[in-house]
Amino acid sequence: MTETYRTMCPMNCLPTVCGMQVEVADGQVVRVHGDPANPESRGFLCLRGRATGEIIDSPSRLLRPRVRDRRNSDSWRDVTWDQALDDIAGAIRTAGAHRTSVWCGHGVIVNMVGLAMSLRFANMLGAQLWDGSIVCWGLGGFGVWLTGVPAVNSAEDLAENAELVLLWGANLASQPTTAPRITAARKRGARVIAIDIRRTEACDHADQYMLVRPGTDAALALAMMHVIVDENLHDHEFIEHHTVGFEALSAHIAGCPPEWAEAETGVPAGDIRALAREYAASRRATILLGGSSMNKTANRWYAARAISCLPGLTGNLGRPGAGMGPRHGADAGVWYNAFGGIVPHDHKAPETVIPSEMDTILSAIESGQIEVLILPGTNMLSSYADTARLERALARVKLVVCIDLFMSDTSRAFADLVLPGTAWLEESGLKFGPSYIHLMDRVLDPPGETRPVWQMFAALAERLRLEGFFPWSSIDGLLDAILDKDQTGHAKVAELRASSPSVRIDVPSYAYATLEFPTPSGKVEFFSERAQAMGLPPLPIYEPPVHGTAYPLAFVQGRSLTQFHAFYDHGRALPSLAKADPEPVLWMSTADALSRGIGDGAMVRFYNEGGEMRARARVTERMPAGTVWMCDGWMGINRLTSSARTVPDAAVAAFPPSGSARYDAFVEVSAG
Ligand code: SF4
């Protein structure tokens, strides 16, 4: 008999989360499809989500703990869980807690339980705990946080109320369920303008699009501010009561006219003026800021800082349809205290803390300060900046433990122990969406010797005598503890099971209705004393990317509809994703391809001083000359990116996701 269960797609395309129905017969998944009753996705399930049905019985699944005596060899042998856990606990005891680190990836954010318990373990033990967001949205979030507008309006608010939508670096491949809301807004008469470095799917949903050179978004935002102030289009009353630093900002942007920005961005000055006037004229303008890719260019977080000043300058805040739109990593209220009561404070001695900053982390590992590295659900090697440096560093770690569904680049090259995790249908958990929390109940028995991450940490905690690590009588007790918040009405798992798996979170549909902002002044900060105290520019600034003549093309990485970071061994473990996206593809403009004698579909080599990679060329009019683009997650992509420091430790201490490296890269491409 076939039974249908309601759950969630295990991927994390936040702010998109998708409800899923799974049909199971005789313990086998026979079909997965979208859940029309899910209030956030309303039946949508993309190719990536549909492919997850292939995880369960995949012949590539890890089913037993494995160990090997020599890295870079394939001499794996099975080991019992007890032996594996004894070995890890012994290594931690020998190394000491502060020479142990836990680095979590998206694989443990599948249902929040794995992440919560990984963090709980690290902090109770006193291990190093680094923030996974530093490979993703962290720097952009930092810029927005400094300005004071980290909270966002909902997708429903955008659909119902926005009259102008700027999709600024926001690729809808990352948040596909926002697309129907944009379509709804347009049907109502809203105008949509996409700004990006290539013609993305978002451009196809827009009334107008503008292509900027990578790393120059801040110049465009500063020039827009210049026009708005120069033409007296700013909101005087809002600025007087709800912002600080307008005088300093006005003086600063006087030197940023559209003609200057045209030379930097490639956007004609007339278009910049028109965009600024249209934005300033709207009383209900929403900006959807990109999550990850735009923070991996030379201009780092300056873009998010400058763009997030625009709503304050025009009074586009605190009203329906006005403000910042759905964004990965946004402060949606419940996220920031998601694990209150679950994750205790870190009790390491301050002098032993290795800050969550990429260059610092690499230096610490390089110098032998980390002896045990536990990697739940992450392919660190493909996602971290400067792969060659990371490889040299990981070679010094005495014990690397990977917990995953499949082997990955990292486990193949560096793991000493690989532990088999359960998939989303084989354990119970919760998915946090922007407006709801959703129950993901266990519907299948775990295959082989697979275990949930939380069980692995509970067993380790017992060996290391971490008293009270799992004080709940069952997994339901833990889920109830996570749900126990004002925003959920203190919901209980049993209630979700008995009624609907989705519980509405009490977050407003639009942010900052009270016009109180989370900054030291309580106002939108054009001038940030916080930034100044950290040694950072107090005003939004722009720094031009530095092109070398040897490597003239700006290299940008992003997201596609078939790939999401390095999930499932870059999709190679799932046949439908492997078929849709079988190999690395480098997008390049017709002009750049012609001048290099490269045809569409040819194999190319792209390289810089850091390394090289091979890919198939996609020659397309969707790319402007001077820029090449590739989907992120492919192994080797970060051989070309920089691990140079971006922000000081003070910024990391104040806003932990900000500790990202520069990630920028310039390359040359040749046939072959
Ligand atoms: S958009 Fe993301 S969450 Fe939704 S189905 Fe696709 S992969 Fe899953």
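Guide: In this predicted model, angles run from 0 to 180 degrees between N-to-C directions, the axes being lines fitted to C-alpha atoms.

Visitor: At about what angle does helix 2 run to strand 16?

Guide: Helix 2, residues 81-95, lies across strand 4 (66-67), strand 6, strand 14 (372-376), strand 15 (399-404) and strand 16 (417-420).

Visitor: Which strands stand at the edges of the open sheet of seven strands?

Guide: The pairing in this sheet is mixed, and the strand order is 5-4-16-15-14-6-7.

Visitor: Which residue in strand 7 does Ser101 stand opposite?

Guide: Strand 6, residues 100-103, and strand 7 run parallel and are joined by three bridges. In strand 7, the residue opposite Ser101 is Gln128.

Visitor: What is the average twist from one strand to the next in the open sheet of three strands?

Guide: The three strands are ordered 1-2-3 with antiparallel pairing. Strand 1 (2-8) and strand 3 (28-34) each have a single partner strand, so one side of each lacks a neighbour in the sheet. From one strand to the next, the twist averages 25°.

Visitor: Which residue in strand 2 is the bridge partner of Met8?

Guide: Strand 1 and strand 2 (residues 19-25) run antiparallel, with seven bridges joining them. The bridge partner of Met8 in strand 2 is Gly19.

Visitor: Are helix 8 and helix 12 roughly parallel or roughly perpendicular?

Guide: The axes of helix 8 (residues 217-230) and helix 12 (residues 269-281) come within 9 Å and cross at roughly 65°. Angles of 65 to 115 degrees count as roughly perpendicular. Helix 8 and helix 12 are therefore roughly perpendicular.

Visitor: How many residues of the contact of helix 8 with helix 12 are charged?

Guide: Helix 8 contributes Leu220, Ala223, Met224, Val227 and Ile228, while helix 12 contributes Ile272, Arg273, Leu275, Ala276, Arg277, Tyr279 and Ala280. Ten of the contact residues are nonpolar and none is polar. The number of charged residues is two.

Visitor: How many residues of the shell around the ligand are nonpolar?

Guide: The ligand is surrounded by Cys9, Met11, Cys13, Thr16, Val17, Cys18, Leu45, Cys46, Arg48, Gly49 and Pro176. Two residues of this shell are polar and one is charged. The nonpolar residues number eight.

Conventions
Residues numbered from 1 in each chain as written. Predicted model: local features only at pLDDT ≥ 70, side-chain atom pairs only at ≥ 80, totals over all residues. Helix = DSSP H or I, 4+ residues; strand = E, 2+ residues; numbered from the N terminus. Parallel < 35°, antiparallel > 145°, perpendicular 65-115°, else oblique. Contact = placed C-beta atoms within 7 Å. Nonpolar A, V, L, I, M, F, W, Y, C, P; charged D, E, K, R; others polar. Pairing = 2+ DSSP bridges. Near = placed C-beta within 6 Å.
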